[in-house]
Amino acid sequence: MSGSTGHPSAGRQTAGGQTTGQSTADLRSDTLTRPTDAMREAMAWAPVGDDVYGEDPTILALQSQVAELLGHEDALFTPSGSMANQLGVRLHVAPGQELIADDLAHVLRAEMGAAAVLSGISARSWHANAGLLDVDAAMALAVTDGGAYQVGTSCVVVENTHNFGGGTVQPLEAMRELHRRAHERGMAVHLDGARLWNAHVATGVPLADYAACADTVSVCLSKGLGAPVGSLLVGSRAHMEQARVWRKRFGGGMRQAGILAAAGQFALEHQLERLADDHERCQRVARAVAATRGDAVDPAAVHTNILVLHVAPAGWSASDFIAATGERGVLGYAMGPEHVRFVWHLDVDDAQTDHAAAVLTDLVSQQA
Ligand SMILES: *Cc1c(COP(=O)(O)O)cnc(C)c1O
């Protein structure tokens, strides 16, 4: 292996996440970011210990930092966001009870049925346009007086920002109302905050204000923040004690994982505010596409770093459209038969954004 980062692709990253030289705009997901040299430096020299013994100082420091940022008592480092979500819902829902979430929720669609398989939890969903929280629909779906006849709803899951909804930011007022009404009926709220950082940067709403609307919150370090691995669950001290037991049971007890937590600390210090650049670049492309074809996207509905285009009106299938962008060096993801998704992140610069805008506007203006 040559070069200190060992990247297989052309285009070596600098500390600012910029790439040099001609490279493909890989907009399939913001999970694709690779650690910069500066982040690797921070990881290499992090103090570590055995975290199953609770003795990794870097993990302990990261957990305290994130708990404080989100205004909860404690936090627990996990290998993935799915595990953080699954620990969260596990705390609130007994086997045979149910959770509810909107029909595009990651916890329902992208965690491989884990709540059912690992915890005996069933699930139902309400419909949400672009993932936008509909409190009345959630409350109408919940069953809190089912007795011995109907499955009881113990937890409502809300996602902010909403991934498959297109990076949608949930209004703080709606989240507050959900929290209040769920608690009135004895239900817990779990916030899937994989991209809560993006909501915070886009709106200026403090992270703790969002997090105050939930009993437990998951956050990811490995999306736009650019760490290679890691998520956290936050909540009360008692909940985190229970979650620590279940994390071990799920196979997520890690040992000298402070080298991973150090990447998270570095990301929070150096790569949080820059999410605004991703939002600006994504918005720029949304406007360019909308100027060519107004029925493909409404730029006002593009809140953060995720661009969803409706390509069917231009005569395209999602898979053909993605094949065509890929041939021209812009990688995206087909979301169902009619929609495609492009996600901005640390490893996409202005030049790649301009290239993506040119390719996408050109393709939507062609009748396939
Ligand atoms: C990425 C993501 C997660 C966690 O996914 P992992 O791949 O398990 O880390 C959870 N929720 C949402 C909304 C996500 O986008």
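Predicted model: local features only at pLDDT ≥ 70, side-chain atom pairs only at ≥ 80, totals over all residues.
**Ligand site**

The shell around the ligand holds 13 residues, and G81, S82, D192, R195 and K223 are the ones that come nearest. Sorted by class, this shell has 6 polar, 5 charged and 2 nonpolar residues. Helix 3, which spans residues 81–92, supplies the largest share of the shell, with 3 residues.

| Residue | Protein atom | Ligand atom | Distance |
|---|---|---|---|
| G81 | polar backbone atom | oxygen | 2.9 Å |
| N163 | N or O atom in the side chain | oxygen | 2.9 Å |
| K223 | polar side-chain atom | oxygen | 2.9 Å |

On its own, the ligand has 380 Å² of accessible area, and the protein covers 84% of that area. Two of the residues in the table, G81 and K223, are also among those that come nearest to the ligand.

**Largest pocket**

The largest pocket contains about 560 Å³ of space. Its lining is made up of 28 residues, and those closest to the pocket centre are F164, G165, V308, M335 and H339. By class, the lining divides into 17 nonpolar, 7 polar and 4 charged residues.

Which elements each supply at least two residues of this lining? They include helix 7 (163–166), strand 9 (306–310) and strand 11 (333–335). Strand 9 gives the largest share, with 5 residues.

The position of the pocket follows from the domains that line it. Domain 1 is built from two segments, 25–35 and 274–365, while domain 2 covers 46–270. Because both domains give residues to the lining, the largest pocket lies between them.

**Backbone features**

Most peptide bonds are trans, and most residues other than glycine have a negative phi.

The peptide bond from N160 to T161 is cis, with omega near -5°. T161 belongs to the loop that connects strand 5 (153–159) with helix 7. Helix 7 is also one of the elements that supply at least two residues to the lining of the largest pocket.

The other case is M112, which is not a glycine but has a positive phi of about 60°. M112 is found in the loop between helix 4 (106–109) and helix 5 (114–119).

Methods: Residues numbered from 1 in each chain as written. Heavy atoms only, no water. Near = heavy atom within 4 Å. Polar contact = N/O pair within 3.5 Å; in protein donor to acceptor, adjacent residues only side chain to side chain. Areas by Shrake-Rupley, 256 points an atom, 1.4 Å probe, with all protein chains shown as cover. Helix = DSSP H or I, 4+ residues; strand = E, 2+ residues; numbered from the N terminus. Nonpolar A, V, L, I, M, F, W, Y, C, P; charged D, E, K, R; others polar. 1 Å grid on protein atoms, 1.4 Å probe; cavity = no way out; pocket = protein on both sides within 12 Å on 5 of 7 lines; lining within 4 Å. Points joined across faces, edges and corners; volume = space filled by probe spheres on them. Domains from an automatic or database assignment.
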